[in-house]
Amino acid sequence: MLSTKLLSNIGRTRATFTSKCIPFTTPTTTSLTLDSYRETSFQSNVYARNRVIDNQIKSGSLNTALKLFDEMPIRDVVTWNLVISGCGRYGHPSQALCLYNQMISQGIKESGSTLSSVLSICCDAGLYDGGVQVHSRVIVLGFSMNHYVASSLVDLYMHMGLVGLSLKLFNDLSHRNLAVWNSVLRGFCELGRSNDLLGSFFSMNLEGVEPNGLSFCYLIRGCGSERLLDEGKQLHCCAFKLGWVASNLFVANALVDFYSACGCFVGAKKSFETIPLEDVISWNSVVSVYAENGFSLDALEMFTRMQLWGKRPSVRSFLGFLGLSSWTQNLIIGRQIHCCVLKSGFDCGSVHVQSALIDMYGKCGEINNSVSLFESVPARSLGCCNSLMTSLLYCGIIEDVVEMFGLMLDEGIGFDEVSLSTTLKALSVSISGSLASCTLVHCCAIKSGFESEIAVSCSLIDAYSKSGHVTLSQQVFEKLSSPNVICFTAIINGYALNGMARKCLELLDIMIQRGLKLDKVTFLAVLIGCDHAGLVEEGKMVFDSMKSIHGIEPERQHYSCLVDLLGRAGLLDEAEELIKQAPVKGASVMWSSLLHSCRVHKNETVGHRAAKILMELEPENHAAWFQASKFYSEIGDFEMSVQVREIAMAKKMRKDIGYSLIEVNDHICR
């Protein structure tokens, strides 16, 4: 039994606590037992400790928070929630799940917040098996209809690629709030399913759920990934009307990223200008879009301003500048960006930058630098190998391209559509390229599933046709389910090279009937076919239709084809008039063609003019002078022929000796 003194002390304590904490109404409301007092005191202590732990986690002192957690004799569900979410926030998912297991083993019943946090941690860390197990707890504890828990489950299964299961959970909800809808939008955005993303947005509006800034970020980012410019512009209008463009920096920056990804320079620039400079997140996107559109000075200015504002350049900026250097063959800018890359540490940390540097030096003709960079890469990636292959092809080092492909196979690096397409292009122009080599690469494409890729198919068509096996080219083309303009152009060019001009014209008509937009390369291939087959009227009709019907201005190559066609047919006066209408640049090729036709048809009048103009246009070209000398010799003007030859010899011009190759039993013979 308790002593009288202790009982009296408890009584005084109870009276003091009651008088201070609970207003007196009736005797029953003022009487507290010792147990209830202890419970209230412990609860008050736990609440205070929870606040301290929460503040420590928010300030970044996770270790201090965990130390306080370990020292607590009693913890409630809020305590566990705080440390679990804290571990997840600071990148310790395994520790968070370990704490969650301890919580369950100690008999603490989870709340909706617990389950939502743990599911999010499993989703972000890729611990999908753990997430599925937590789903079982959700069902057992009856939290399936909790919106926060449901949102986390939808997000988890979207990340796992189980879209059907995710949508089933979503559709089972009686009421879908904005958080759940955003989980669906995020899932479709990250999976690249733009149609489903936009369809969900439409359904969301039908249900009367108004999107917020986060919704528009997912929607705009999804359109940017798929380059859906028109749909993105409509979303821009919606976001602007609802006030999110002006009030939400993330939406404003997402628009800059979107227009940059779509290559819309004007849209990116306007979106960028609406954001205060200190709040711009998308500096790298703007720098990239300026560089990709050829505005080198503006891109460099933006790059400088960006760093003055303390923004660190990203891979995207460097890729934009290196792409600009490759496109314009500006080695000076390329080298300067290479220095920035080295200072920023991206030379070893980014495969994309390494590949872009190899490509840049190759396109600028510095193939030795490309090879050196490739050899210095710690781990040879597929991207770096592809960049070196395309650089070697660009610089005309054809045999090394084929060897590079073999190296990739031997070292287990693998290959993709770029590797296959580049190898086939090399084989199509290689002196050692054979049908057996093309067939071998074709087999690799079939086994790896890349045969249906447009780039690979077109390269196969080109390689087979250039080796004289146009039937094989036709078989590749016929297997394509929906050939585009590039595919049609490839097979037309194959027919043209093999003298099958009628086939070229038939395919041109099919393209027009299907509503495909013809380009300059397509017309050039058809004109080459007409030239080789001597179809004068058809060639003239195709040439005239370029501008009159299709709105395409003929270029020097188109004029050259028609001049050659007219010259072969003996229509030399007409060919001469056409040359006078053609662009001045590259006119020497046309005059050379005309002079050759004059030699064939013994036309001295036009030939004299052509020879004189050709020598004036090509004063240092031995081929032009020797061609003129031969023309004068053939028409009987031997004095002029000798004079032209002596001038050529005085200029130390030399004629290269030509040779022919033939394939015999899969071997190339000279």
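This is a predicted model: local features need pLDDT of at least 70, side-chain atom pairs count only at pLDDT 80 or more; totals for chains, interfaces and linings use all residues.
Residues are numbered from 1 along each chain as its sequence is written, and side-chain values use heavy atoms, with hydrogens and water left out.

**Helix α6 against helix α7**

- Helices here are DSSP runs (H or I, at least four residues), numbered from the N terminus.
- The axes of α6 (residues 93–105) and α7 (residues 112–125) come within 10 Å and cross at roughly 150°; axes are lines fitted to C-alpha atoms over the stretch in contact, with angles from 0 to 180 degrees between N-to-C directions.
- That makes α6 and α7 roughly antiparallel to each other (the label applies to angles over 145 degrees).
- α6 passes α7 in a left-handed crossing, meaning that the near helix is turned anticlockwise from the far one by less than a right angle.
- On the α6 side, the contact (heavy atoms within 4.5 Å) uses Pro93, Ala96, Leu97, Tyr100 and Met103, and α7 brings Thr114, Leu115, Val118, Ile121, Cys122 and Ala125.
- Sorted by class, that contact has 10 nonpolar residues, one polar and no charged ones (nonpolar: Ala, Val, Leu, Ile, Met, Phe, Trp, Tyr, Cys and Pro; charged: Asp, Glu, Lys and Arg; polar: the others, Gly among them).

**Helix α26 against helix α27**

- α26 (residues 398–410) and α27 (residues 417–429) pack at about 145°, with their axes 9 Å apart.
- Here too, the crossing of α26 past α27 is left-handed.

**Aromatic pairs**

- There are 15 aromatic pairs in the structure, counting Phe, Tyr and Trp (its six-membered ring) with centres within 6.5 Å.
- Phe69 and Trp80 have ring centres 4.9 Å apart and planes at 80°, so they're edge-to-face (planes over 60 degrees apart).
- Phe69 sits in α4 (residues 62–71) and Trp80 in α5 (residues 77–89), so the pair ties together parts 11 residues apart in sequence.
- Both Phe69 and Trp80 are buried (under 20% relative accessible area, 1.4 Å probe, protein chains only).
- Phe170 and Trp181 are also edge-to-face, with centres 4.8 Å apart and planes at 80°.
- Phe170 is in α10 (residues 163–172) and Trp181 in α11 (residues 178–191), 11 residues apart.
- Phe170 counts as buried at 5% relative accessibility, and Trp181 does at 3%.
- Ring pairs also join Phe265, Tyr290 and Phe295 into a cluster.

Methods: Helices (H or I, at least four residues) and strands (E, at least two) are DSSP runs, numbered from the N terminus. Angles under 35 degrees count as roughly parallel, over 145 as roughly antiparallel, 65 to 115 as roughly perpendicular and the rest as oblique. Rings of Phe, Tyr and Trp (its six-membered ring) pair if their centres lie within 6.5 Å; planes under 30 degrees apart count as stacked, over 60 as edge-to-face and the rest as tilted. Buried means under 20% relative accessible area, exposed over 50%, partly exposed in between (1.4 Å probe, protein chains only).
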